[in-house]
Amino acid sequence: MATGQIYMLLGLLSFSMLGVLHKVADVQHSRPTTINGLLASSSLLFVFAFVMLGPPGGLAVPGSVAGVAIPFGVSASIAILAFQAGVKHGNIATSWLAINLSAGIPTVASILIYDEPVGTGKALALALIPISMFLLWKDKKAQESASGTGAS
Amino acid sequence: MTRDANVWLRLMLIAFVANGIGPFGLKILSERGLASQYQAQYLLYWYLGGFMFAMAALWRSGLRPYRREVGLGALMGGCSLLGQSFTGLALSHGMPGHVVFPITTGGSLFLVAAAGLLLFKEKVGAYGMAGMILGIAALVGLSLG
């Protein structure tokens, strides 16, 4: 197996493990706020170590780089907090899909802001996202109705 | 505990939008011609932004982490970073994006869904299954462009 394929499979396993750990955190009754705080702290620590020990470059960057990075990092952290809180109310099987469907947002933003071309395949894929989200919500509602109370 | 479909949808929509906005900074950086030069540093400040928000939320909640949460949070942070790093390494070792992204995204969806159904005994109905199939198709379609 080629090196690139091994890295790809390791990436797949790492992302999958992250999804499973979100569920483990929920099963263990971990609090979303503390999980988000610890996830963010450890990630920052690992990246800091990489930047300091890795290829030369250091911490110095143009202001515009940090100015772009920080608000988008805040957005990602909001996502993790909302996701971990949301898993309490749903399945990881469907919740993980819901958050991954967000890949459509940068695609739409690139089309709107940077006039990136949109082919038939991409347009179809984007159209499937709200339909998929609707079906996932419908499934949750159906489960609530089946249990009779709206709680389980 | 109470599991509410509308609360789930509200939180997932927040996660959906915020998670979708998160990676777009790299696109802006790329359009400004700074992505290749400052990628690692960008990631550092990106995580710093996330850390600042997470600490503010934690401070506001007044909660203190339990020991088991510390291990779990560190493991999750490691997985997040390793996932991104390995994906980047696969691309830099000649794997084309139209292969890497469908496999890492679609594959992870499949594995996590399988874990939810088999390990955690979650129940997904017909609507959910249809939603998952369409969702995976949408993500693979987006990755293939």
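This talk walks through a predicted model with chains A and B.

First, the ground rules. Residues are numbered from 1 along each chain as its sequence is written, and chains are lettered from A and ligands numbered from 1 in the order in which they are written. Because the model is predicted, local features need pLDDT of at least 70 and side-chain atom pairs count only at pLDDT 80 or more, while totals for chains, interfaces and linings use all residues.

Start with chain B. Chain B has 6 helices and 0 strands. Helices here are DSSP runs of H or I with at least four residues, strands are runs of E with at least two, and both are numbered from the N terminus. From the N terminus on, the order is α-α-α-α-α-α. The C-alpha atoms of chain B fill a box of roughly 50 × 40 × 25 Å along the principal axes. Of its 145 residues, 45% are buried. Buried means 20 or more other C-beta atoms within 10 Å of the residue's own; exposed means 12 or fewer; partly exposed is in between; the C-beta atoms are placed from the backbone.

Now the two chains together. How many residues of chain B are in contact with chain A? The count is 104 residues of chain B, against 108 residues of chain A. Contact means that the C-beta atoms, placed from the backbone, lie within 7 Å. On the chain B side, α1 (5–21), α2 (24–31), α3 (35–61), α4 (67–92), α5 and α6 each supply at least two residues. Helix α3(B) gives the most, with 20 residues. By class, that side of chain B has 67 nonpolar, 28 polar and 9 charged residues. Nonpolar covers Ala, Val, Leu, Ile, Met, Phe, Trp, Tyr, Cys and Pro; charged covers Asp, Glu, Lys and Arg; the others, Gly among them, are polar.

Next, one helix up close. Helix α6(B), residues 126–144, has 19 residues and reaches 27 Å from its first C-alpha to its last. That is close to the 27 Å expected at 1.5 Å a residue, where the expected span is 1.5 Å times one less than the number of residues. Its buried residues include Gly128(B), Gly131(B), Leu134(B), Gly135(B), Ala138(B) and Leu142(B). An α-helix has 3.6 residues a turn, so residues three or four places apart point the same way. What do the buried residues of α6(B) pack against? They pack against α4 (92–100), α5 (104–114) and α6 (120–147) of chain A, together with α5 (97–119) of chain B.

On to the core. A nonpolar core is a set of buried Ala, Val, Leu, Ile, Met, Phe, Trp, Tyr and Cys residues joined through C-beta atoms within 7 Å. The largest one has 89 residues, and Ala79(A), Ala82(A), Leu101(A), Ala15(B) and Tyr47(B) touch the most other members. Helix α3 (63–87) of chain A gives the most to this core, with 15 residues. Not counting residues up to four places away in sequence, Ala82(A) touches Leu11(B), Ile14(B), Ala15(B) and Ala18(B).

Now Ile92(A). Ile92(A) sits in helix α4 of chain A. Is Ile92(A) buried or exposed? Ile92(A) is buried, because 24 C-beta neighbours lie inside 10 Å. Its C-alpha is 6.1 Å from that of Lys23(A), 69 residues apart along the chain.

Last, two loop residues. Most residues other than glycine have a negative phi. His29(A) has a positive phi, near 60°. His29(A) is in the loop between α1 (3–27) and α2 (32–53) of chain A. Asp115(A) also has a positive phi, about 55°, and lies in the loop between α5 and α6 of chain A. His29(A) is exposed, with 11 other C-beta atoms within 10 Å. Asp115(A) is exposed too, with 8.

Key
Contact = placed C-beta atoms within 7 Å.
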